[in-house]
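Please keep the structure in view while working through the numbered points.

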Amino acid sequence: MNEIKQYANPDQESVIGQILDNQIDINSVAEFEDLLRVFPDNADLYRKYADLLADKKQVNAAQRAYHKAATLYLDAGLVLQAIVAKILAWSTVKPSHREGIEFHTMVRRKGGGDMPSQVLFSQLKYEEIVALMLRLTRVRLSPGDVVYDTGQESTGIFFIVSGELTETLPQIKGAEPPAAIALAENDIFGDIFPLEEESHCLARVVATTAAELVKISKPVLKAACYRYPRIRELLERLSRIRTPQGSDRAWQTVRRSCRYCLPADIKIEFSSADDENKRAVHGTIRDLSTGGICVVLKNDTTNYDIEALLNQKTNLTILEGNRTVIDGLMGAVVWRKTAGQMTHPTHILGIKFDPMTEETAIALNAFCTISNDEQDMIWNLWNHLVRH
């Protein structure tokens, strides 16, 4: 489209969000291809492009676009989203056994992390992951849609591909009203255990935004677990992890138990064959987990090509004021994006950590695992700073 170049101008994040939320409607394949030339590494846009091609019955092109989306998702460690993209690709053209093996290898290699969906799928064997993929069904929700209510018979387990939902536990007489728990992409929910007995939903789950889920019904999951007992073992292990808030829900959530927003500075050094020309930038932590970190770079340290940073090896130092808290965190840049106005852009990097020494892992875990009250306070402060 003639206006496509304006998408690279101010507020890219807002434009992409409007496209993904269908507030900007693009029904032309040619227009979408122009858009992808502006945003060539956005997995969500490739997924939406593939959906458009599939709707237009352009089967081979849709398959290629789904494969591209799956690759980009895996590069960012988003296993669940990659799996759904692959399922959609393979629903258009049946995969070869070799292709399935290669995808499983990539999931094991790139999908490790501490998000619930990462923990599950990255540890499955080839036949186990195929068994689950064949049994997943898609669920599309609009804001306000109720997935299930307290007391209903449990029908299955759900994985959040995109969007946000709210889980609310029932009110206990004489107690304070329970806080609503935010569920987001990569969370798992559903009161399915014990598998062999009838179970009922312990909470009410409602979509707060448009959302995409994948579901495995309880009878189908039961049959899969009978054939592949490790699937049950992994799911039961995940379901026993309680959230830090001490709620009664069965599954850990991504944001509260796996990612932390901690106001700390960070120094990033990029590898160079010439140590004298080694580059360093400074930034602020946006999200931190034991698997990786999201960093907002400071404007005065980004006077070079942000695109060139992708895949570069990094050496990270976390700072509090002038004090070094953790150093020697090695990793690589797995994604980068730019937000804000062109005249004053904000550059953001996603860095995946390399395997670390036990000493470094202990220090990082200690830095992350502060008290719940402190974490909530920091979370609210971060939201205030972002908005202002």
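**Notes on the model**

1. Pro 194 sits in the loop that runs between strand 6 (188–189) and strand 7 (204–207), where helices (H or I, at least four residues) and strands (E, at least two) are DSSP runs, numbered from the N terminus. A cis peptide bond, with omega of about 0 degrees, joins Phe 193 and Pro 194.

2. Please bear in mind that this is a predicted model, in which local features need pLDDT of at least 70 and side-chain atom pairs count only at pLDDT 80 or more, while totals for chains, interfaces and linings use all residues. Residues are numbered from 1 along each chain as its sequence is written, and side-chain values use heavy atoms, with hydrogens and water left out.

3. The confidence of the predictor in each residue is given as pLDDT, from 0 to 100, and the protein averages 77, with 74% of the residues scoring at least 70.

4. The protein has 13 helices and 14 strands, and buried residues make up 45% of its 388 residues. Here buried means under 20% relative accessible area, exposed means over 50%, and partly exposed lies in between (1.4 Å probe, protein chains only). Of the contacts with a separation of 6 or more, 65% are between residues 24 or more positions apart.

5. Which residues other than glycine have a positive phi, Lys 57 and Asn 186 among them, and where do they lie? Lys 57, with a phi of about 65 degrees, is found in the loop between helix 3 (43–55) and helix 4 (59–75), and Lys 57 is exposed, with a relative accessible area of 69%. Asn 186, with a phi of about 80 degrees, lies in the loop between strand 5 (181–183) and strand 6, and Asn 186 counts as buried at 1% relative accessibility.

6. Asp 51 lies in helix 3 and is buried, with a relative accessible area of 18%. Leaving aside neighbours within four places in sequence, Asp 51 is in contact with Tyr 66, Leu 88 and Arg 140.

7. Helix 5 is mostly covered, since 11 of its 14 residues are buried, including Val 79, Ile 83, Leu 88 and Trp 90.

8. The second largest pocket has a volume of about 330 Å³. Of the 15 residues that line this pocket, the closest to its centre are Trp 90, Pro 95, Val 130, Met 133 and Leu 134. The elements that give two or more residues to its lining are helix 5, helix 6 (97–110) and helix 8 (126–133). (On a 1 Å grid over the protein atoms alone, a pocket is an open set of points where a 1.4 Å probe fits, with protein on both sides within 12 Å along at least five of seven lines, and lining residues have an atom within 4 Å of a point.)

Technical notes
Points joined across faces, edges and corners; volume = space filled by probe spheres on them. Contact = heavy atoms within 4.5 Å.
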